[in-house]
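Please open the structure in a viewer and keep the selection panel at hand.

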Amino acid sequence: MLEGTIQRYDEHKGYGYISYQTETTDHELFFHRRAVELSDFNTVCPGQSVAFEIARGEKGWQAVNLQRVMK
């Protein structure tokens, strides 16, 4: 799994963006509220650290299986 930080989340629309880094580049990746492992955390807030996987969705690459990372 990759690790990143929630940058934006619109609770009303149910989606947001995660930022994460590879060795050479900063990335931003879309996620939908369905991707959040609800048993792991109930709220999604900017600044939270998360672990996630990347999968191809209907409109391109997106984060799936989001889990809270305790730091």
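Helices (H or I, at least four residues) and strands (E, at least two) are DSSP runs, numbered from the N terminus. The model is predicted, so local features need pLDDT of at least 70 and side-chain atom pairs count only at pLDDT 80 or more, while totals for chains, interfaces and linings use all residues. Residues are numbered from 1 along each chain as its sequence is written, and side-chain values use heavy atoms, with hydrogens and water left out.

**The whole chain**

The C-alpha trace spans about 30 × 30 × 20 Å along its principal axes. The radius of gyration, taken over C-alpha atoms, is 11 Å, which agrees with the value near 11 Å for a compact globule of 71 residues; the globule rule is 2.2 Å times the number of residues to the power 0.38.

**The core**

Which residues have the most contacts inside the largest nonpolar core? Select Ile6, Ile18, Phe31, Val44, Phe52, Ala63 and Leu66, which have the most contacts inside this core of 13 residues. Strand 1 (2–10), strand 2 (15–21), strand 3 (26–32), strand 4 (49–57) and strand 5 (60–68) each give two or more residues to it. A nonpolar core is a set of buried Ala, Val, Leu, Ile, Met, Phe, Trp, Tyr and Cys residues joined through side-chain atoms within 4.5 Å. Buried means under 20% relative accessible area, exposed over 50%, and partly exposed in between (1.4 Å probe, protein chains only). Of the 71 residues of the chain, 32% count as buried.

Next, centre the view on Ile6. Leaving aside neighbours within four places in sequence, Ile6 is in contact (heavy atoms within 4.5 Å) with several residues, among them Tyr17, Ile18, Phe31, Val44 and Val50.

**Ser49**

Move to Ser49, which lies in strand 4. Is this residue buried or exposed? Ser49 counts as buried, because its relative accessibility is 19%. Apart from neighbours within four places in sequence, Ser49 is in contact with Gly4, Gln67, Arg68, Val69 and Lys71.

**Arg34**

Finally, select Arg34, in the loop between strand 3 and strand 4. Its relative accessible area is 70%, so Arg34 is exposed.
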